[in-house]
Amino acid sequence: PTAPDGYFAPPRGDIRFIVISDLNSAYGSTDYRREVIEGVNALPGWQPDMVICGGDMVAGQSINLTATEIDAMWAAFDDKILTPIRTTGLPYALTIGNHDASGYKDENGEFFYVLDRQVTTKFWEGHKTDTNLTFIEASGFPYYYSFKQNDIFFLIWDASTANVPPEQIAWADRALATPEAQSAKLRIAMGHLPLYAVSQRRDRAGEYLNQADELRALLERHNVHTYISGHHHAYFPGKNGNLNMLHLGALGSGPKSLLNTTDAAFQTLTVMDIFLDTASTTYNTYNMSTRQVVDPQSLPRLIVGPNGRELRQDLAPQDLTPAEQSQPYVPSEA
């Protein structure tokens, strides 16, 4: 087992990924919280095969920001996050978050945050090779694309709003059916917004994906193992049907508490180990304030949101009590 100094060293799987999300601070900020900088600097200590980011790398999504200010945010990201990762030689996979380049469109079908999209597109066109990824389809990079890493097939779509674009859903259906996808040891999908709501004040329409059940059915049909998402700023390893869902906590500002809990929120970083013989994953998620591993048993057994329910991954439906099975959805406070 390997880990940076001061962190628990988890048993290593056949493949190890470090998974982070929601790194940004206040609108327009070119600074990152201490936990972000410490987490990025600590990455090599776990000896991962790749770093994965669930989105919100910068703090856009404000029409008051100029192109120069958005440029400055991405320059700060490059300097403080991407360059240190690139220096290690680790591949870096990303999905675009709502604060990076929201796909929200106005009544005329035009991007509302047009400067965000323009600057972000230009930045990643210039840094595509810096990701060190083995792309399979990349014409839509950084918004939607596929690649293979350690014989695992990854599919990324633009879930920066509640609606994954219909053409991308059709593309995902085709991409996941290809020999490259189906011959892989495992298939993993990622987008910024989750299918189902898990955190407080993020259980409102627009904060999770529309058509969640239909999207889950698509991923299940192609035997996708896990869907990785950010945006809810709260760590939860959930599952619904045959799909595992890794909800990432925020490494940056604004961590949130899970639905129906009173626990204080905290920044997180997740070490994801994959064991190929059992096609299973383990997560060691660190509270970045204390550097302690989050005890899975401290997390809710079941989260009931407005559009679906998620079991904690170590449980089966039959493990639930009758009261849990009939647990109603209780909206969080606005």
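Me: Which strands does helix 7 lie across, and at about what angle does it run to strand 10?
Reply: Helix 7 (residues 212-221) lies across strand 7, strand 8 (226-229), strand 9 (236-240) and strand 10 (243-247). Its direction is at about 120° to that of strand 10. Helices (H or I, at least four residues) and strands (E, at least two) are DSSP runs numbered from the N terminus. Angles run from 0 to 180 degrees between N-to-C directions, with axes fitted to C-alpha atoms, for helices over the stretch in contact.

Me: What sort of model is this, and how are residues numbered?
Reply: It is a predicted model, in which local features need pLDDT of at least 70 and side-chain atom pairs count only at pLDDT 80 or more, while totals for chains, interfaces and linings use all residues. Residues are numbered from 1 along each chain as its sequence is written, and side-chain values use heavy atoms, with hydrogens and water left out.

Me: What is the strand order in the sheet of nine strands?
Reply: The order is 4-5-6-7-8-10-9-15-14, in an open sheet with mixed pairing. Two strands pair if DSSP finds at least two bridges between them.

Me: Why is one side of strand 4 left without a neighbour in the sheet?
Reply: Strand 4 (134-137) stands at an edge with a single partner strand, so one of its sides has no neighbour in the sheet; strand 14 (302-304) is placed likewise. From one strand to the next, the twist averages 30°.

Me: Parallel or antiparallel for strands 6 and 7?
Reply: Strand 6 (residues 152-156) and strand 7 (residues 186-190) pair in the parallel sense, over five bridges. Within this pair, I152 stands opposite L186 of strand 7.

Me: Which strands does helix 5 lie across?
Reply: Helix 5 (residues 166-177) lies across strand 4, strand 5 (145-149) and strand 6. Relative to strand 6, helix 5 runs at about 175°.

Me: Turning to K239: where is it found, and what is it in contact with?
Reply: K239 is found in strand 9. Apart from its neighbours within four places in sequence, K239 is in contact (heavy atoms within 4.5 Å) with N244, M245, R309, E310, L311, R312, Q313, L315 and A316.

Me: Which backbone oxygen does its side chain reach?
Reply: The side chain of K239 reaches the backbone oxygen of Q313, at 3.4 Å. As for Y227, it is twelve residues from K239 in sequence, and the C-alpha to C-alpha distance is 9.4 Å.

Me: What about the sheet of six strands: what is its order?
Reply: That open sheet has the order 3-2-1-11-12-13, again with mixed pairing. Strand 3 (92-94) and strand 13 (292-293) are the edge strands, and each pairs on one side only.

Me: In which sense do strands 11 and 12 pair?
Reply: Strand 11 (residues 268-275) and strand 12 (residues 280-287) pair in the antiparallel sense over eight bridges. M272 stands opposite Y283 in strand 12.

Me: On to backbone geometry: which residues does a cis peptide bond join?
Reply: The cis peptide bond joins F141 and P142, with omega of about 5°. P142 lies in the loop between strand 4 and strand 5.

Me: And what is the phi of D22?
Reply: D22 has a positive phi of about 50°, although it is not a glycine. D22 sits in the loop between strand 1 (15-20) and helix 1 (34-42).

Key. A polar contact is a pair of N or O atoms within 3.5 Å; within protein, one must be able to donate a hydrogen and the other to accept it, and residues adjacent in sequence count only if both atoms are side-chain atoms.
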